[in-house]
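Hi,

Here is the structure you asked about, with the sequence alongside. Have a look first, then read on for what turned up.

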Amino acid sequence: MAGVSAADIKPGEDPADHLPPHITRLTGFGERADWSPDGRRLVFLSKTFGDALELDLETKLIRNRSAHYPHCGYTRALYLTNGDLLLSGPEQFDPKKAGEARVQCWLFVLDRSGTKPAMPLGTKCSEGPAVSRRRLHIAWTHVAAEYPDEMAAGSSRMQEADIVYENGRPKLANQRLIINSQDLPFVCTLETQNFRPPAEQELTFSAYGYQGTDVCGINLVTKKVVNYSNSPGQYDEPEGIYPDGQYTLVECDKQNHQGSGHVDLWKLKLDGSGAYERLTYFSDYPGYKASNPVVSDDGRFIAFQMARSREAAGVGHGIFLYDIEKARREVK
């Protein structure tokens, strides 16, 4: 997909009107997709504070995974390795205070049977959690606003834990601190992103507010932190990692330097070289962006969403499928 000039865009058109052969639109609504471990399904949210929906990629049927019980809506839905879903959402919701609810979310596990309500894990999570693709293990972020008696103002901390089941009920075990933002040599707010395959001894994270926002990784054993993007004045947020662990996808404004509302998908090599490759051109259309990408475990596809610049981060208007091999052939 090549860039689009303003002269080529007709009034009312959006990026979905001019998709290249390697990108397919899967839905006309929805946001924040995640791949099932077998690559046959995608779970996504109907909307922010909405339901968790599941799309079968072969039949194209969509089923509602959270319709069988009352809830206040969810902001994240991610597959666990056993097929259950890790959900993040508020315990109460006032539409007039949506921003407050978003940072006051709790983590839940939704049983894959579809017969039980989501069960709480007893911890809050700021923005998105990270989920292991190999084991029942997660990482998440706390911010000072959630625990003012325990954390210094303006700080955030990342934690990790196993998910275990006792009498069919999930709970967190072996919790431990990964890092506190105050222990970093620079000031930022943290958000967990992905365990880096194949060994999963490193966790990528967003360093919000540092040099714009940077892509970082922390070794979970040594606690060594590496800044992989290191691009002052540029917005770089890691979202989705390749199964070989050599690259991550990044929401990035390298093409225009207009901030997080004008990002596209870029591929960043995780070797400190700062080598980027642009994958989408949605931000060439005024008022639009591509965001929230995730890579399938076989490395063949990327699921992502179309979003609008003026709306809150994470709000999406349809799920899209990017065929990685087909894109390579088109370049050749």
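To start with the charged pairs: which residue forms a salt bridge with Arg76? That would be Glu127, with the closest N and O atoms 3.1 Å apart. Before going further, keep in mind that this is a predicted model.

Arg76 sits in strand β6 and Glu127 in the loop between β9 and β10, so the pair ties together parts that are 51 residues apart in sequence. Arg76 is buried, at 9% relative accessible area, while Glu127 is partly exposed at 22%.

Asp297 is in the loop between β22 and β23, Arg133 is in the loop between β10 and β11, and 164 residues separate them. Asp297 is partly exposed, with 32% relative accessibility, and Arg133 is partly exposed too, with 29%.

For a local one, look at helix α2: Glu325 and Arg328 both lie there, three residues apart, about one turn of the helix. They form a salt bridge with closest N and O atoms 3.1 Å apart. Over the whole structure the search finds 16 salt bridges, and some of them share partners, joining Asp38, Arg41, Glu54, Arg63 and Arg65 into one network.

Now the pockets. The largest has a volume of about 550 Å³. It is lined by 30 residues, and Asp34, Leu78, Gln193, Asn194 and Val294 lie nearest its centre. Strand β14 gives the largest share of that lining, five residues. By class, the lining has 14 nonpolar, seven polar and nine charged residues.

The second largest pocket comes in at about 250 Å³. It has 15 lining residues, with Glu277, Leu279, Tyr322, Ala327 and Val331 closest to its centre. Helix α2 turns up again here, supplying the largest share of the lining, five residues. The lining divides into nine nonpolar, one polar and five charged residues.

Last, the cysteines. How many disulfides are there? The count is zero. For Cys216, the nearest cysteine sulfur is that of Cys188, 6.8 Å away.

Cheers

Note on methods
Residues are numbered from 1 along each chain as its sequence is written. This is a predicted model: local features need pLDDT of at least 70, side-chain atom pairs count only at pLDDT 80 or more; totals for chains, interfaces and linings use all residues. Side-chain values use heavy atoms; hydrogens and water are left out. On a 1 Å grid over the protein atoms alone, a cavity is a set of points where a 1.4 Å probe fits but cannot get out, and a pocket is an open set with protein on both sides within 12 Å along at least five of seven lines; lining residues have an atom within 4 Å of a point. Grid points are joined across faces, edges and corners, and a volume is the space filled by probe spheres set on the points. Helices (H or I, at least four residues) and strands (E, at least two) are DSSP runs, numbered from the N terminus. Ala, Val, Leu, Ile, Met, Phe, Trp, Tyr, Cys and Pro count as nonpolar, Asp, Glu, Lys and Arg as charged, and the others, Gly among them, as polar. A disulfide is a pair of cysteine sulfur atoms within 2.5 Å. A salt bridge is a side-chain nitrogen of Lys or Arg within 4 Å of a carboxyl oxygen of Asp or Glu. Buried means under 20% relative accessible area, exposed over 50%, partly exposed in between (1.4 Å probe, protein chains only).
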